[in-house]
Amino acid sequence: MTSSRAVPVTLAEIARLAGVGRAAVSNWRRRHESFPTRIGGTDGSPQFSLTEIEAWLRDNNKLRKSAGRDWLWPQFEALGNRDETGLAIAAAGWLLSGRGTGKGAEYPSELPAAARKLVAETLELGRSEGPSETFEFLLRRWLDVHVRQISTTPEPLAAIMADLALRFRVRQGDGTDNGLVTVLDPACGTGHLLVAAAGHPGVVPLGCDKDPVLAALADARLALASPSAQGAPNPEVRSGDSLRADPFAGTRADVVLCNPPFNERDWGYEELATDARWAHGMPPRTEPELAWVQHCLSQLRPGGVAVLLLPPAVANRRAGRRIRGSLLRTGALRAVVALPPGCAAPHSVSLQLWVLRLPTAGAEPQGPGELLLADGAARFPRASARDSGPDWEALGSFVRAAVDAAGSVATDSGAAARPEYVSSVPVIDLLDDEVDLTPGRHVASGALGSAPPLGESWNEFSGLVSDLGVTGGRLAALTLSDAEEGAQPTTTVGELARAGALTLRAGQQPTSGTVIDSRPDEGGVALLTIPDLLLDGEPGSWLSHSDAEVEGAVIVERGDVVVAGVARAFSAWVHQGDAMALGPQLHALRVHPEKLDAWFLAGSLRAPANARQAGTHASSSSRVDVRRLQVRQVSLEEQQVYSEAFKQVVSFERLVTRLSSLGVGLVRGLSDELAAGRLSRKA
């Protein structure tokens with residue numbers, strides 16, 4: 001696939017095209033005078049002409065034959081702005097779906113000649129590599145480039161939301177099925193929720209987004225993901241502002257799924273003041289999410305169910321308490337599920353799923369009953385999920401169990417035992433001055449079966465105290481001499497590297513678009529960064545194996561020493577887990593065992609006084625020059641003696657940290673139990 005246009009490509013992209021690592025491309029550039037010259041970028045991140053690179057790789061027998069999609073993407077990226085590239089990808093998707101009539105046929109004619117040519121090349125490639133696979137590859141790369149401007153719903157969470165809505169609808173006894181279920185997303189973006197729903201039989205997806213580019217991409221995506229059955233309506237996505245001028249104003253859906261924009265102040269507060277959709281009250285200007293909640297309710301047909309992904313503040317902000325109270329009194333709000341942090345952007349907070357239902361036609365008016373509250377944030381603490389992202393399978397099972405509990409409430413069979421961290425709270429208990437619907441505020445004192453976890457915690461606490469006593473006793477028994485500081489010769493990490501006692505490698509920032517929030521399906525390498533260390537010490541993102549190789553990522557293996565070269569997060573430790581990639585300002589030291597002991601090195605480097613001496617200046621944001629960190633010059637035998645002591649110090653540190661965390665949890669749990677009057681009076 002050649003192009004006469006000067007399409008720029010980076011070293012990482014060249015590596016993908018050739019099927020090698022980035023280091024190999026850098027070597028080619030140094031060793032071969034015929035390697036194309038740089039046409040842009042910087043010395044650290046040069047750019048080259050795609051046409052010249054293709055010719056050079058072909059002439060030197062380094063062209064990877066199976067790199068069709070990788071050749072195509074740089075040309076799409078070079079089209080220019082975000083919208084033109086997105087519309088070209090949408091046009092290709094529509095034509096790849098085989099629906100080459102209507103809008104799908106008009107898209108190419110609206111595009112510039114260069115974009116139409118790329119669409120034609122994409123169709124040709126799609127015939128050999130698969131239509132859906134080709135389109136999804138281009139869409140994924142486009143989303144990676146614009147990840148800061150476009151928010152998406154992660155596919156596992158979209159699947160949970162779709163399953164929750166359809167399952168809740170059945171459990172609530174909606175008998176309006178006629179073989180087809182209409183699912184609407186009024187703020188669909190690129191269609192993640194609709195694609196998840198389309199995987200269920202009999203679903204007809206409908207979507208809307210005010211960004212015409214996102215709407216076009218979602219339309220093409222659904223055309224590929226849900227081939228229409230004979231006689232069944234086609235999926236449809238329209239462009240428009242659902243709040244101000246809803247393109248589906250006359251449509252009523254069986255299910256509404258929505259991940260609305262958060263904190264959007266310009267949502268139409270002034271012009272929509274008298275809108276008929278505000279049956280539960282006019283949403284305050286600062287509560288756009290409650291406008292979306294009522295809009296979704298207005299789009300349901302009787303018996304329909306809506307599931308929305310909302311920020312936690314919607315459940316407790318004072319400005320929205322009247323609307324929340326009305327949703328409770330009328331029985332429209334049926335459940336609130338708190339998700340563990342990291343499920344979707346913003347990843348640092350515990351987002352919530354709100355489940356709403358419109359009563360069936362002719363049903364008796366529902367008075368205050370019970371609200372199902374499920375605290376997934378407490379059930380799946382963040383610390384247990386940071387190494388591989390949320391446990392989606394366990395989270396899905398938890399949500400399904402909560403739905404079954406809601407079904408038992410709806411059918412008045414409430415004898416079924418509810419899962420832990422799930423509780424049905426009488427609505428009358430929630431209708432106070434705050435109307436706070438945060439699950440954690442109500443589930444903690446009402447969850448069943450809280451005694452066994454406390455018993456398990458006390459068992460762990462006793463074991464930790466015992467281990468701490470043993471380890472502390474060993475450290476207390478160490479005899480420390482009064483030798484003056486500096487009495488023994490020292491060397492530096494830089495000198496040890498020059499002497500061949502260790503190899504030093506500095507972590508790097510991966511190329512934009514290669515870092516993902518959860519572990520790839522095909523496996524990958526966890527990426528540790530300085531912000532991760534400041535948060536909880538666990539990796540918070542991932543690289544695929546192929547991207548890690550192409551990027552030349554610095555990978556640490558078990559037994560390597562890792563040093564954080566920033567004063568505020570300074571530390572050094574021996575890595576004991578699986579292979580892991582290092583981000584900027586993190587350093588990997590691999591020792592030669594016949595010359596240096598890894599535990600002795602890590603223990604020596606992590607001394608606070610060492611960091612102060614090697615720091616660039618006194619502020620907490622200063623960098624630590626790892627090469628200047630000092631290590632005492634002693635024999636390997638003496639290093640191993642100190643190594644055992646350093647291991648005991650690390651063990652002691654871990655025990656103290658865990659004991660502190662567990663102790664706080666026990667204090668809170670016991671306080672809840674005692675305040676609830678659960679102290680047994682038996683002798």
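Over residues 101–106, how many contacts beyond four places in sequence does the model have? The count is seven, in a stretch where pLDDT stays under 50. This is a predicted model. Its protein chain has 683 residues, of which 48% count as buried. The chain is built from 24 helices and 22 strands.

**Confidence**

- The average pLDDT of the protein chain is 83, and 85% of the residues score at least 70.
- Where pLDDT is low, the predicted coordinates should not be read in detail.

**Overall fold**

- Take the contacts in the protein chain with a separation of 6 or more: 72% of them join residues 24 or more positions apart.
- The chain exposes about 31800 Å². Carbon and sulfur atoms supply 51% of that area.

- In soluble globular proteins, nonpolar side chains tend to be buried together.
- The largest nonpolar core has 44 residues, and L257 and V307 touch the most other members. Helix α9 (residues 155–171) gives the largest share of this core, with nine residues.
- Leaving out residues up to four places away in sequence, L257 touches M161, A162, A165, V183, L184, D185, P186, L193, A197 and V307.
- A second, separate core has 40 residues. Among them are L184, A187, L272 and V435.

**Helix α13 and its cover**

- Helix α13 spans residues 321–329. Its buried residues are I323, R324, G325, S326, L327 and L328.
- The elements that cover these buried residues include helices α12 (288–298) and α16 (427–430). Strands β9 (333–338), β10 (352–357) and β11 (370–375) are also part of the cover.
- Just after α13, G331 takes a positive phi of about 75°.

**Salt bridges**

- The structure holds 24 salt bridges. Side chains of opposite charge can pair when their charged atoms come close.
- R221 pairs with E136, and the closest N and O atoms are 3.2 Å apart. R221 lies in helix α11 (residues 212–225) and E136 in helix α8 (residues 131–145), so this pair ties together parts that are 85 residues apart in sequence.
- R221 counts as buried because its relative accessible area is 4%, under the 20% cut-off. E136, at 25%, is partly exposed.
- R317 forms a salt bridge with E287, with the closest N and O atoms 2.7 Å apart. The pair links distant parts of the chain, 30 residues apart. R317 sits in the loop between β8 (300–310) and α13, and E287 in the loop between β7 (253–258) and α12.
- E287 is buried, at 0% relative accessibility.
- R441 and D436 form another salt bridge, with the closest N and O atoms 2.8 Å apart. D436 is buried, with a relative accessible area of 8%.
- A network of salt bridges links D241, R244, D266 and E271.

**Backbone geometry**

- Most residues other than glycine have a negative phi, and most peptide bonds are trans.
- V435 has a positive phi of about 50° although it is not a glycine. V435 lies in the loop between α16 and α17 (439–446). This residue is buried, with a relative accessible area of 5%, and belongs to the second core.
- Y421 is not a glycine either, yet has a positive phi of about 70°. Y421 is in the loop between α15 (392–410) and β12 (422–426). Its relative accessible area of 24% makes Y421 partly exposed.
- The peptide bond from A345 to P346 is cis, with omega near -5°. P346 is in the loop between β9 and β10.

**Surface and helix α24**

- W458, L670, L674 and L679 make a nonpolar surface patch of about 400 Å².
- W458 is part of helix α18 (residues 451–476). Its relative accessibility is 37%, so W458 counts as partly exposed.
- Q640 is in helix α24 (residues 636–675) and is partly exposed, at 41% relative accessibility.
- Q640 and D597 are 43 residues apart in sequence, but their C-alpha atoms are 6.6 Å apart in space.

Notes:
Residues numbered from 1 in each chain as written. Predicted model: local features only at pLDDT ≥ 70, side-chain atom pairs only at ≥ 80, totals over all residues. Heavy atoms only, no water. Helix = DSSP H or I, 4+ residues; strand = E, 2+ residues; numbered from the N terminus. Buried < 20%, exposed > 50% of the residue type's maximum accessible area, 1.4 Å probe, protein only. Contact = heavy atoms within 4.5 Å. Areas by Shrake-Rupley, 256 points an atom, 1.4 Å probe, with all protein chains shown as cover. Core = buried A, V, L, I, M, F, W, Y, C linked by side-chain atoms within 4.5 Å. Patch = residues over 30% accessible without salt bridge, like charges linked within 9 Å, V, L, I, M, F, W, Y side chains within 5 Å. Salt bridge = Lys/Arg side-chain N within 4 Å of Asp/Glu carboxyl O. pLDDT = per-residue confidence, 0-100.
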